[in-house]
Amino acid sequence: MALLEIEQLNVAFGRPEAPLIAVDGVDLSIDEGEVVGVVGESGSGKSVTSLAIMGLIDPPGRVLAARLELAGRNLLTISPRARREMLGRDVAMIFQDPMTSLNPCFTVAHQLIETLRIHVGGKATERRAQALELLRQVDMPDPEHRLDAYPHQLSGGMCQRVMVAMAIACNPRLLIADEPTTALDVTIQAQLLDLLLALQQQRGMALLLISHDLGVVAQVAQRVVVMYAGQVVETGALPRIFEAPRHPYTQALLAALPENNVGRRRLQTIPGTVPGQFDRPAGCLLHPRCARAVSRCVLERPALIDGNPGSQVRCHFPLDGEAP
Amino acid sequence: MLSYVLKRIGMVIPTFLGITLLAFSLIHLIPGNAAEALSGERGMSPERYRELAHQLGLDRPLSTQYFDYLGHLLHGDFGRSISTHESVLKEFLTLFPATMELALCAIVLALLLGLPAGILAAVKRNSFLDYSVMGVSLTGYSMPIFWWALLLIQLFSVQLGWTPVSGRIAIAYDFPTPTGFMLIDAWRSGQAGAFESALSHLILPAIALGTIPLAVIARMTRSAMLEVLREDYVRTARAKGLSWFSVVCVHALRNALIPVITVIGLQVGTLLTGAILTETIFSWPGIGKWLVEAIHRRDYPVVQGGILISACIVIAVNLAVDLLYGVVNPRIRHSR
Amino acid sequence: MSSPTEAPSPLTEHWRHFSRNRGAVAGLAVVLMLLLLALFPGGFAPHSPIEQFREAALSPPAWEDGGSRRFLLGTDAVGRDILSRLIHGARLSLVIGLVSVSLSLSLGIVLGLISGFMRGGVETVIMRLMDILLALPSLLLAIAVVAILGPGLFNAMIAIAVVMVPHYVRLMRASVIGELGKDYVAASRIAGAGTLRLMFDTVLPNCTAPLIVQATLGFSGAILDAAALGFLGLGAQPPTPEWGSMLASALEFIQSAWWVVTFPGLAILVSVLAFNLMGDGLRDALDPKLKI
């Protein structure tokens, strides 16, 4: 049984008559200790999926799923109290902007100790030492002084390390990282990714890494899920999925990378924009932007079909099959 | 932090000097001067008038008179009341505890009711509770305070007979008042029923005076909380599995309080204004009533002194709030 | 698909936003009603506001025993019809608001423009002056001004205007400083616009939104302050039917004649509430960024 099982997750906002569909029938599963990367443009529904797992979608957002289970517990029917016990202890999350994700009025020590206090308990006197140890584990420079610092006294990279420390404090089984490096300098990005990977391996934690940056995902993940407009369009194992993509969208994402455009005048881009609230196609969601679209794509929405080993694709005419 | 403190204190000094200039000009702009006031109805001969004017120093150039006045102020001499011949400062200090007790009670009430109301309105935004809190607040600061006081008296004192109409304590009680705070002195006197009497006299004026601060605090807390609840660190707090109480009342409120504290400090002016009207209605023997009576009696030294001291209090409280703000906001606390 | 239409004018947009706020529309309705009463008091008031009907002194409202249709809301201690006094008082209240707000707005705009444009020494002097005015509780300052000028309705209006000036100066100065950093001002300057022209033709029109909101709220503040001064006997003098002064001697009638106490205050409350609701609605309509 997988650690995280999601089947047919739907998240909608706005009025029921004219909903904004953020997540549309997403299936996702993560095993213990597995590293899965989720890629896609802004608006693809990757962050909303992670927030739905954590239960942080507030009304008027509506979360529906055939199955949403973490370690066998049904997250759709969980009591608020049980959910609060789970968050931070069994599943933890770090966010995109570390400078604003920490409370400016409390010290690092206070915020770390808080997590320990509610989930781990134990003696108050030991908690400060535990917090210090956590800072060491996230490679925080000069941890003794940083403990009593306020967030505005730390750099972005350091703040993100604090976030990671808070997240791993209780040894969660699943860590969700939503664009953890997007707001950081490139050099710090590499350090943080190495840190996440090292922690993941040491603790046998499952890691769900969300990013729009294919390079970031390629460095860390074992398996990749590609999302578009709220749907999963392709899944597969690295490195194969990037070497031989099966979905036109994945191929286009790869083609837009600077590395793949050496010698060109302009980057290859995907024309058009992600469908908004009112122009969601009835057929394949990508067809207005896909060069290979034919009438079947316009009329019929493709289903996610299993391919060979452990990969899936949602396309009538995948790249490794017959031409349209 | 140090530069912040020094800068704030530095800005106070010119304001203070300006207030003294204003108070000084007040007397000289009022038609008639002290000599004329002393002359009374009968009038006096021109020689006597000149003599008196010379005695009072009124024939010297204005700038000399101003510096003289300033000198007196710095020695604590704010002049003498025309009617009672007492030192203005002494009368002020005698009557101030009554106003202070009333104002403190009012602000405590305003906080006890306003903070939770604002928090709840923000958390349950656009609900019936939210609209009620906002509606009641709006009505609260749209009412003339003296009329609200009259209504309260009409309901609670006249119709229900629960509270007395005027004064600080029933006449029957007589005990020493070392602190000037009737509640404390009544408690310490040990006399049966004294504390209850003091409390029942205090409650209605405190409600009347505290209504506007209550409305302002509720509104301000609500809008500050609404902003803070949208912040990323609140999402982090929820992602850590913290309880609703912890998220709202520890993480969010701590940040929302920063602008609210400033607003509370600004209420000092409102409280003094309200005290003038409330004390008049409830015959509460504080500085508000003292000032109003002085105006009607044309006791200008009292008016001048009262205005000056009140302004100093407002400046002092605003300074204290500024400094408190520097302490409470970590970003300022840690700047050089 | 409907054919493309022209973008609605800003005024229509603002009105649409404003009208969605039911409280604001109600406020506007009440203000218009007050305006009507103020313009034609004789048409609505059954009696003269100062005529005394001694034989009917302190008679209760029409729906109570002892009341009569002749004096719908009862009479006061010297037999004046309360309803007529309230209606005539509406004109006074609106005039008070208009005069005080106009005075303080004009002075505030000029001082704010000067301090925003000049910066440096002039700005410091003006702002320190404003700080001094703000240090005094508003009623005390008004009392001080009235003490100098003597009691009376017009002097009360001046006193209230003086009290409100610092708020407009601060607002104007902040707006001006904000606008001065923008490109269109630089463009005007390069095109050769002089300072006066820059001030009044270029910058001022773009600062109007917060001023309009503050002016509307200033009306309600002026009415309340005038009522307070009237209540203390420092504003309108008898027999002027100003709502606040109608309450001046009301304390003695709390037990005997509740209508003398209740109705003038109700009139004040309704008017102030109306202006506040309108002001809030205007704030939301004119600057959505300010909306919470």
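Tutor: Two strands pair if DSSP finds at least two bridges between them. Please keep in mind that the model is predicted.

Student: How many bridges join β3 of chain A to strand β10 of chain A, and in which sense do the two run?

Tutor: Strand β10 covers residues 223–228 of chain A, and four bridges link β3(A) to β10(A); the two run parallel. In this pairing, A:Gly37 is found opposite A:Val224. β3(A) also pairs with strand β9 of chain A, residues 206–211, in the parallel sense over five bridges. There, A:Val35 faces A:Leu207.

Student: How should I read the two faces of a strand, and which residues lie on each side of β3(A)?

Tutor: The general idea is that side chains in a regular strand alternate between the two faces of the sheet. In β3(A), one side carries A:Val35, A:Gly37 and A:Val39, while A:Val36 and A:Val38 are on the other; all are buried, and both faces are covered.

Student: Why is strand β3 of chain A described as largely enclosed?

Tutor: Five of the five residues of β3(A), residues 35–39, are buried, so the strand is largely enclosed by the rest of the structure.

Student: Turning to chain B, how many helices and strands does it contain?

Tutor: Chain B has 14 helices and zero strands. Its C-alpha trace spans about 85 × 55 × 40 Å along the principal axes, and 41% of its 336 residues count as buried.

Student: How is the packing of two helices described, and what is the angle between α11(B) and α13(B)?

Tutor: Two packed helices are described by the angle between their axes and the distance between the axes. For α11(B) and α13(B), the angle is about 175° and the axes are 9 Å apart. These helices are therefore roughly antiparallel to each other, because angles over 145 degrees count as such. Among the residues making the contact are B:Gly265 and B:Val268 of α11(B), and B:Val317 and B:Val321 of α13(B). The residues of this contact comprise 10 nonpolar, five polar and no charged.

Student: How many residues of chain B are in contact with chain C?

Tutor: The size of an interface is often given as the accessible area lost when the parts come together. Here the description is by residues: 36 of chain B are in contact with 36 of chain C. The largest share of chain B's side, seven residues, comes from α1(B). That side of chain B consists of 26 nonpolar, 10 polar and no charged residues.

Methods
Residues numbered from 1 in each chain as written. Chains lettered and ligands numbered in written order. Predicted model: local features only at pLDDT ≥ 70, side-chain atom pairs only at ≥ 80, totals over all residues. Buried ≥ 20, exposed ≤ 12 C-beta atoms within 10 Å, placed from the backbone. Contact = placed C-beta atoms within 7 Å. Nonpolar A, V, L, I, M, F, W, Y, C, P; charged D, E, K, R; others polar. Axes fitted to C-alpha atoms, helices over the stretch in contact; angles between N-to-C directions. Parallel < 35°, antiparallel > 145°, perpendicular 65-115°, else oblique.
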